[in-house]
Amino acid sequence: MSGQLHPEDFPELRGGLIADKELAPFTWLRVGGPAELLFLPKDEADLAMFMAQKSTETPVFVLGAGSNLLIRDGGLPGVVIRLGAGFGQMQVEAENRIRVGAAVPDRVLAKFAAKNAIDGLSFYAGIPGTIGGALRMNAGCYETETADVLIEAVVIDGLGRRRIVPAAELDYAYRHCSAPKDWIFVEALYAGTPGDPAKITQKMNEITARREQSQPIREKTGGSTFKNPDGAKSWQLIDAAGGRGRRVGAAQMSEQHCNFMINTGGAKAAELEELGNSIQRSVLENSGIELEWEIKRVGSHGE
Ligand SMILES: Cc1cc2nc3c(=O)[nH]c(=O)nc-3n(C[C@H](O)[C@H](O)[C@H](O)COP(=O)(O)OP(=O)(O)OC[C@H]3O[C@@H](n4cnc5c(N)ncnc54)[C@H](O)[C@@H]3O)c2cc1C
């Protein structure tokens, strides 16, 4: 930690600023050290003011629901930003469009769309992140991804300026978005198609039932550890390389879905990362394919 950031340096902000804040409870894997400073902006104006005031040298990281994150044991230097209620709006616009704040959980948007007879967003029912995380990760499942339904995103950039960015400019690919690292998504505009609420709800129920069966969704996990390489499935490569159920300390590749890693209780971030690295090595030796992490690993390693 640099120890150079203090809440009293930003007296005009209306949102909370907390020094040395533990982050593990905000993540699904429940590991990782503290944030040097955690900022909980009240609303978009508060966030923009902070971004304009902070030094350009200060590292900034945005935390969503922490469902795709491995925060290392040494924690995160600089400022971690977590969007809250001030980014929780949802409204229907003309032509089956929905405008939604970045802190809204994906599954809340899916339900809202169903209630409003808007089809096309039901895939979000099975993804445990927020809209901000979905925009950054191009989250998706069962043949649909965020880029397919997004019209535009609203961001606050590294200097606190508001930008409206058409989806095409985000250069989306499989679990990838080319937006600059310091852009913070604050809002999205989606386009759906007219649908029948009962049928959409049924589709959502099927998605959640399928997941209950195939994924360890009640464990401390980060979802898919690795992206699927072109033409292959990571779980099959991991299985073939003997990775199913492999353990490093309290970190384990799930027996149920061997591309999901789990914290079986009290794992260190270092154990989870070493487990992933060992899986990568085994898959490379066994199949010649280099798996790419899908989980974002951030922060410093600590002692
Ligand atoms: C049980 C389980 C099942 C999963 N299933 C799927 C699945 O089917 N499909 C899928 O795609 N993913 C899946 N995931 C992974 C995860 O849910 C998605 O990647 C999700 O989009 C992450 O959103 P989040 O809010 O949790 O982001 P976080 O994990 O908090 O962050 C992920 C990345 O997004 C960035 N980010 C978050 N919010 C913002 C913002 N407002 N502005 C800019 N950047 C931001 C973070 O900085 C980080 O780089 C699963 C995870 C779990 C635990």
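**The ligand and its surroundings in a predicted model**

A backbone N or O atom of Gly 140 lies 2.7 Å from a nitrogen atom of the ligand. At Gly 66, a polar backbone atom is found 2.8 Å from an oxygen atom of the ligand. Considered alone, the ligand exposes 970 Å², and the protein buries 96% of that area.

The shell that surrounds the ligand may be considered next. There are 35 residues around the ligand, and those that come nearest are Val 62, Ser 67, Thr 130, Gly 140 and Arg 211. Sorted by class, the shell comprises 18 nonpolar, 13 polar and 4 charged residues. Several elements of secondary structure each supply at least two of the shell residues: the strands β3 (60–63), β9 (140–141), β13 (184–191) and β15 (221–224), together with the helix α3 (131–137). Which element provides the largest share of the shell? It is α3, with 5 residues.

Phe 26 belongs to the loop between β1 (16–22) and β2 (34–40). When neighbours within four places in sequence are set aside, Phe 26 is in contact with Gly 66, as well as with Lys 21, Leu 38, Leu 63, Ala 65 and Arg 82. The C-alpha atoms of Phe 26 and Gly 64 are 8.6 Å apart in space, although these residues are 38 positions apart in sequence.

Attention now turns to a pair of helices. The axes of α2 (residues 106–115) and α5 (residues 197–214) come within 8 Å and cross at roughly 155 degrees. An angle over 145 degrees counts as roughly antiparallel, and α2 and α5 are therefore roughly antiparallel to each other. On the α2 side, the contact is made by Ala 110, Lys 111, Ala 114 and Lys 115, while α5 contributes Pro 197, Ile 200, Thr 201 and Met 204. The residues of this contact divide into 5 nonpolar, 1 polar and 2 charged.

Glu 255 is located in the loop between β17 (251–253) and β18 (260–263). Apart from residues up to four places away in sequence, Glu 255 touches Arg 244 and Gly 245. Between the C-alpha atoms of Glu 255 and Gln 215 there is a separation of 9.7 Å, and the two residues are 40 residues apart along the chain.

Terms used
Residues numbered from 1 in each chain as written. Predicted model: local features only at pLDDT ≥ 70, side-chain atom pairs only at ≥ 80, totals over all residues. Heavy atoms only, no water. Axes fitted to C-alpha atoms, helices over the stretch in contact; angles between N-to-C directions. Helix = DSSP H or I, 4+ residues; strand = E, 2+ residues; numbered from the N terminus. Parallel < 35°, antiparallel > 145°, perpendicular 65-115°, else oblique. Contact = heavy atoms within 4.5 Å. Nonpolar A, V, L, I, M, F, W, Y, C, P; charged D, E, K, R; others polar. Near = heavy atom within 4 Å. Polar contact = N/O pair within 3.5 Å; in protein donor to acceptor, adjacent residues only side chain to side chain. Areas by Shrake-Rupley, 256 points an atom, 1.4 Å probe, with all protein chains shown as cover.
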